[in-house]
Amino acid sequence: MSSASDQSNHERERQLAGVWDNLPGWGTLVAVNHTSVGLRFMATGMLFFLVGGLLAMLIRTQLALPEQTIVEAGLYSQLFTMHGTVMMFLFAIPVLEGAAMYLIPKMIGTRDLVFPRLSALGYYCYVFGGLIVLSSLVLEIAPDSGWFMYTPLSSSDYSPGPGSDFWLLGITFVEISAISAGIELVVSILRTRAPGMSLNKMPIFCWYILAMALMIVFGFPPLILGSILLELERAAGMVFFDTTGGGDPLLWQHLFWLFGHPEVYIIFLPAAGIVSTLIPVFARRPLVGYHWIVLAIITMGFVSFGLWVHHMFTVGIPHLAQAFFSIASMLVAVPTAIQIFAWLATLWQGRVVFGLPMLWIVGFLVVFVCGGLTGVMLALVPFNWQVHDTHFVVAHLHYVLVGGMLFPLVAGFYYWLPHVSGRMPSYRRGRWGFWLFFGGFNLTFLLMHLTGLLGMPRRVYTYEAGLGWDWLNLLSSVGSFVMAIGVAVIIIDIFLHFRFGEKASQNPWGADTLEWAIPMPVNSYNFSSMPEVSGRHPLWDTPRLPERISKGEFGLAHANNGRREIYLSDAITGKVTALIHLPTNSWLPMLTAGALAVVCLALLLKIYLAALVAAAVALMVVLRWGWENGGHPKISTVGEDNPDDPPVHSRTLDGPGLWGMNVTLMSNGTLYVSLIFGWFYLWTAAPQWATPDKAPVSISLLTGSGLLLTVAVGIYHKAVSRLREGNDSGLNQHLWVAAGVAGLHWAMLILAIVNSGLQPRALAHDAVITVALVYLAVHSGLAIVMTALQAVRAGMGYVGKALPYEPVVVRPFWIYTLGVFWLTVAAFFLIPLAWSVP
Amino acid sequence: MSTRRLAPIHLVLGLVIWSGWFVLLYGGLSVACEFAPPDTSQGARTWVNFLMIALAILLTGVLLYVSYRCSQWGLGSVPDPPGSPRAFIRKMALSVYLISAAGAFALAIPVMVLPPCV
């Protein structure tokens, strides 16, 4: 009997594997499942880490002794710029995103992320963008203005080569990946949790990742906007940062640090999530102060956006304004301290088992607390002035970033290694790596605080002997090599463990979270049946849960219809509301990323026609991608449902696409608000701000265009409202009319742009308006294309009262487009007009 | 006392308001200093400082009041059971409003001593 049951279970799992597995051979390149994509993100990130580390070794070799000429000044500038760029953009964020993409579905008890093809697109954008950035180093034309690319140093006057272009285009490309991961993680965490996993029962790691993902959604757009503006200035001569045309180089600093400071927390939060996950496991008790930690995470997510000017204390901002940022910088220490006390309290109250991951957690606590303390010192304006641009700042940021991110990351790697390999790491071998890294790190960077206090500026390629910096630099360099040996030992240890590691038992660390209910090494569908949870610690509450899952006692145990299925659940209660049919392996993400890479390369080579053609190809591929979606028969067939199952998401009005669209628009809106910020900033702060004598754009044309847009949105809105009420008569005609009226609006908008007297190469005023108008035209154009597609699909029966999903998803985009149109008219035309009236 | 459910937006609304306050302080200061800078000899006793302090007190009061309302929310005839998601949201919202009130006031402390446009 038992044998028969085992056999049927085996057959069922084979069926699931057949649906969820990657294609063999080269077909693995089209994998979209979160396990493969997450692991690829992490593996690629580690390779970039080695490149960044190699660059650091070259920097320390050069600085080991005074007056050395191993590396010349120009190359040294490329080295430190690329070291920072690679570590921040190509290692830290992607590797943590990869970890989150790998872990989140397993922790929340589902089989995949909610938009799998978006995961794959993100990965390929990351790889292609990273390779483009790195290629500049091989060609010896790498950017050399520092990883934050301050203008005017990075502008065409002072950086005439293509280095800055590689950075601006390549990093923007990589950021597509970050934002797509951010959107995907937010929607997945909120809408695909296991039945019963209400918001207050969510693993603490998910709160951290939710905050991180939302911070990516809001934090990256300012830099994307800044990069677009700087590239437009460099390539097309438009004025944004050049004072002679009414621009201001400080605008770049604002846009960069609006991203750059939250970025520190984007890196820290997931790492802190690893700490909050591991400490209770090794302390053998629940985390002390779950509510307090959630509160700290939410607070940190917000306050970290109010710190950006503390990177700009020396640029001449009024003292009172500096004080606001100084206070905010100190306030952010409070939620950090809450977490540290909660971790210490958990350890204090627990019965700590000291495994290899814990060694790295202890290292984290020591190093990160030191970095936090120097952070509070730097939040004090007078001290900040003293040590600005010295090695003290370099030491501080490494203590925060390496302490706050790398130590927990390695702890996490060791902790979750059995998941991937099915084998346990060795404490005996692993501790060598830890102590070499820990010792080397502190030797390198603790001493660097002193070098900085003694006045050594950062980014100098050499220094004179006898300034008191010699022995400190020598010891720092020795320390960096010890640290590098530590990294090598860790890598060797991990490789050896795949061969010699002890076989891991089920849930080898005695953890409480669902990812340990999965057989090891991990399979492609995670759970043989979808688990139900009733508490915050499912494996501690129900030790037999893995067995029950594996026997298929829960939902979606079969894959009879050959589709990848997961549950859609309520964001608050975790109750199941629908079934999601996920797309399977696809070449489309890779092709889209490939076309975008061609756009990027063509722009670098200034072959603009090729860039335009490649962009059109990318758009076509994306449209093809969107075609097999929602109500398309390949995703969802009418009349096929099992009556016992919840409805398929394409038959609901609250599917994941709507959430994805809303989160995307939040990100898009942040980019737009950053543009508005730039407009008002230049208007009030640019030293030579100038306006043209007469309005460069016809207000009447704009108003007419806006009224047509309003009518189009009204028609679309009405059609969707009727659909929501179950009335789809004349739906495709209504959609065609909405698209047609919007087409007239778009034509009028283009006419307004073409007939305008804008001089974007002469005046920052006109340059910002040009960008705003192009932004509107792009949005209106996209809304028209999406609506026309909806009309076609309604005609083909993919959209209707039984399948109302897609028009509901597109509606927020229309409303957004209408909102930004009138906001643009008000902010860029009406307010300045009112201001200039005597 | 209300028996209505507290919407999840309250988990972050306090800090959204705090963020708006932060932007208003920084942006408003820049605009005031650009278009109507007070006399530097007045030190911190300027209309800009008084306005900011008044707004800070008002906002802190509002946030404290909302926090108090959260503490009373859902305590009607059928209270949310402890450990329920709604009880969690109420508890978190209350704390977030309290923190936001403290943060809103903390930001205004330097306004009491520093001149606005120097």
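Where in chain A does E140(A) lie? It sits in the loop between α4 and α5 of chain A. Before going on, keep in mind that this is a predicted model.

E140(A) counts as exposed because it has 11 C-beta neighbours inside 10 Å, and 12 or fewer is what exposed takes.

Now hop over to R284(A), in the loop between α7 and α8 of chain A. R284(A) isn't a glycine either, yet it has a positive phi of about 60°. With 14 other C-beta atoms within 10 Å, R284(A) is partly exposed.

## Two cis peptide bonds

Next, look at a pair of prolines in chain A. The peptide bond from T151(A) to P152(A) is cis, and its omega is near 5°. You'll find P152(A) in the loop between α4 (116–138) and α5 (163–191) of chain A, and E140(A) is in the loop between α4 and α5 too.

The bond from M520(A) to P521(A) is also cis, here with omega near -10°. To spot P521(A), go to the loop between α15 (470–500) and α16 (538–541) of chain A.

## Inside the nonpolar core

Which residues have the most contacts inside the largest nonpolar core? They are V186(A) and I209(A), in a core of 302 residues. The largest share of this core comes from helix α7 (residues 249–283) of chain A, which gives 23 residues.

Zoom in on I209(A). Leaving out residues up to four places away in sequence, I209(A) touches A100(A), I104(A), L185(A), I189(A), P270(A) and G273(A).

## A buried threonine

Is T824(A) buried or exposed? T824(A) counts as buried because it has 22 C-beta neighbours inside 10 Å, and the cut-off for buried is 20 or more. This threonine belongs to helix α24 (residues 805–836) of chain A.

If you skip residues up to four places away in sequence, T824(A) touches A772(A) and L776(A).

## A helix pair in chain A

## Helix α3 of chain B and its two partners

Over in chain B, helix α3 (residues 85–108) packs against helix α1 (residues 10–35) at an angle of about 15°, with the axes 7 Å apart. So α1(B) and α3(B) are roughly parallel to each other, and α1(B) passes α3(B) in a right-handed crossing. How do the residues of the contact of α1(B) with α3(B) divide? There are 16 nonpolar, 4 polar and no charged ones. Among the residues that α1(B) brings are W18(B), W21(B) and F22(B), while those from α3(B) include A93(B), Y97(B) and A104(B).

The other partner is helix α2 (residues 47–72) of chain B. The axes of α2(B) and α3(B) come within 8 Å and cross at roughly 165°, so this pair is roughly antiparallel. The crossing of α2(B) and α3(B) is left-handed. From α3(B), the residues that meet α2(B) include A93(B), Y97(B) and A104(B). By class, the contact of α2(B) with α3(B) has 16 nonpolar, 4 polar and 1 charged residues.

## Where the chains meet

Finally, how many residues does the contact take from chain A and from chain B? The answer is 23 residues from chain A and 32 residues from chain B. On the side of chain A that touches chain B, the elements giving two or more residues are α8 (290–303), α9 (319–331) and α20 (656–685). The largest share of that side, 7 residues, comes from α9(A). Sorted by class, the residues on the chain A side divide into 15 nonpolar, 8 polar and no charged.

Technical notes
Residues are numbered from 1 along each chain as its sequence is written. Chains are lettered from A and ligands numbered from 1 in the order in which they are written. This is a predicted model: local features need pLDDT of at least 70, side-chain atom pairs count only at pLDDT 80 or more; totals for chains, interfaces and linings use all residues. Axes are lines fitted to C-alpha atoms, for helices over the stretch in contact, and angles run from 0 to 180 degrees between N-to-C directions. Helices (H or I, at least four residues) and strands (E, at least two) are DSSP runs, numbered from the N terminus. Angles under 35 degrees count as roughly parallel, over 145 as roughly antiparallel, 65 to 115 as roughly perpendicular and the rest as oblique. A crossing is left-handed if the near helix is turned anticlockwise from the far one by less than a right angle, and right-handed if clockwise. Two residues are in contact if their C-beta atoms, placed from the backbone, lie within 7 Å. Ala, Val, Leu, Ile, Met, Phe, Trp, Tyr, Cys and Pro count as nonpolar, Asp, Glu, Lys and Arg as charged, and the others, Gly among them, as polar. A nonpolar core is a set of buried Ala, Val, Leu, Ile, Met, Phe, Trp, Tyr and Cys residues joined through C-beta atoms within 7 Å.
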